[in-house]
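Please walk through this model with the text alongside it.

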Amino acid sequence: MTKRELKLIEEGTPCVINYFDRNLLTVSQAKERGQDICPNYSQCEKNQNMCALQIGLEAAKYTMQKGNLKKQLYDFYDQALNQGWFNEELWDSINRRDFKKIKGKGNILRAVEGFARIVLLKDPFESFFPGCERCEGIKLEKIVHNSVWVRGMRGAGTGEVKTQSIPYCPDCDPEPKNGIVYDDEINLF
Ligand SMILES: [Zn+2]
């Protein structure tokens, strides 16, 4: 399988390197070609906007170093929530010619994944995330731990904990939280 040189991913930036060119694999090739400045550079820099491509490159970098793109995307999601990045519109492009601003957690996460896949020479149209039926975004999974209670006996726990993975849309649904389930519901899951 063709791979990109780690250094090209670690030290490069989509502002001057065209990662959409799948034949560009090494730092020396990039040097030969010279700086290939992003067509959106002046727009982006003037307003100090954030760019999904830059974040996607970061996700690709950590994937190269530590493996597991899916985990890097979940880490990005947590970080973006903490830093308030989802309140902003981000630039995105699927070809480095046409740029548009995107918003929404699901759209941003999917754009970051798409570019990380471009950088890693994976199929950008594949995704770890299923689509949401209600918006154009995606669904995440959250692991929750539910205490098992006995039906009809208020507050009586069996001491058992049921762990479940709950799919939810970060834009349409509240984040699933730990809670309780009743013992007679268990076989429903
Ligand atoms: Zn949704």
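The paragraphs below describe the domains, the core and its helices, and then some loop positions.

The model is a predicted one. Contact between them involves four residues of domain 1 and four residues of domain 2. On the domain 1 side, the touching residues are one nonpolar, two polar and one charged.

Turn next to the largest nonpolar core, which has 29 residues. Ala52, Ala59, Ala60, Val112, Phe115, Ala116 and Val119 touch the most other members. Helix 4 (52-66), helix 5 (69-83), strand 2 (90-92) and helix 6 (105-119) each supply at least two residues of this core. Val112 shows how such a position is surrounded. Leaving aside residues up to four places away in sequence, Val112 touches Ala52, Ile55, Gly56, Ala59, Leu73 and Phe76.

Helix 4 comes next. Its 15 residues reach 21 Å from the first C-alpha to the last, close to the 21 Å expected at 1.5 Å a residue. The buried residues of helix 4 are Ala52, Leu53, Ile55, Gly56, Leu57, Ala59, Ala60, Tyr62, Thr63 and Met64. What do the buried residues of helix 4 pack against? Their partners are helix 1 (6-10), strand 1 (50-51), helix 5, strand 2, strand 3 (100-102) and helix 6. Just after helix 4, Gly67 takes a positive phi of about 80°.

Asn68 sits in the loop between helix 4 and helix 5. Asn68 also has a positive phi, about 65°, although it is not a glycine. Most residues other than glycine have a negative phi. Is Asn68 buried or exposed? Asn68 is exposed, because 11 other C-beta atoms lie within 10 Å, and the exposed class covers 12 or fewer.

Helix 5 follows. It has 15 residues and reaches 21 Å between its first and last C-alpha, close to the 21 Å expected at 1.5 Å a residue. Gln72, Leu73, Phe76 and Ala80 are buried here. Seen down the axis of helix 5, these buried residues fall within an arc of 100°, so they line one face of the helix. Helix 4 and helix 6 are among the elements that cover them. On the other side of helix 5, Lys70, Asp78 and Asn82 are exposed. Gly84 follows helix 5, and its phi is positive, near 75°.

Move on to Leu121, in the loop between helix 6 and strand 4 (140-149). Leu121 is not a glycine, yet its phi is positive, about 60°. Leu121 counts as partly exposed because it has 15 C-beta neighbours inside 10 Å.

The last stop is Cys172, in the loop between strand 5 (157-168) and strand 6 (179-182). Cys172 has 15 C-beta neighbours inside 10 Å, so it counts as partly exposed. Which residues does Cys172 touch, not counting those up to four places away in sequence? They are Cys132, Arg134 and Cys135. Cys172 and Arg134 are 38 residues apart in sequence, and their C-alpha atoms are 7.4 Å apart in space.

Note on methods
Residues numbered from 1 in each chain as written. Predicted model: local features only at pLDDT ≥ 70, side-chain atom pairs only at ≥ 80, totals over all residues. Core = buried A, V, L, I, M, F, W, Y, C linked by C-beta atoms within 7 Å. Buried ≥ 20, exposed ≤ 12 C-beta atoms within 10 Å, placed from the backbone. Helix = DSSP H or I, 4+ residues; strand = E, 2+ residues; numbered from the N terminus. Contact = placed C-beta atoms within 7 Å. Expected span 1.5 Å × (residues − 1). Nonpolar A, V, L, I, M, F, W, Y, C, P; charged D, E, K, R; others polar. Arc of directions from axis to C-beta.
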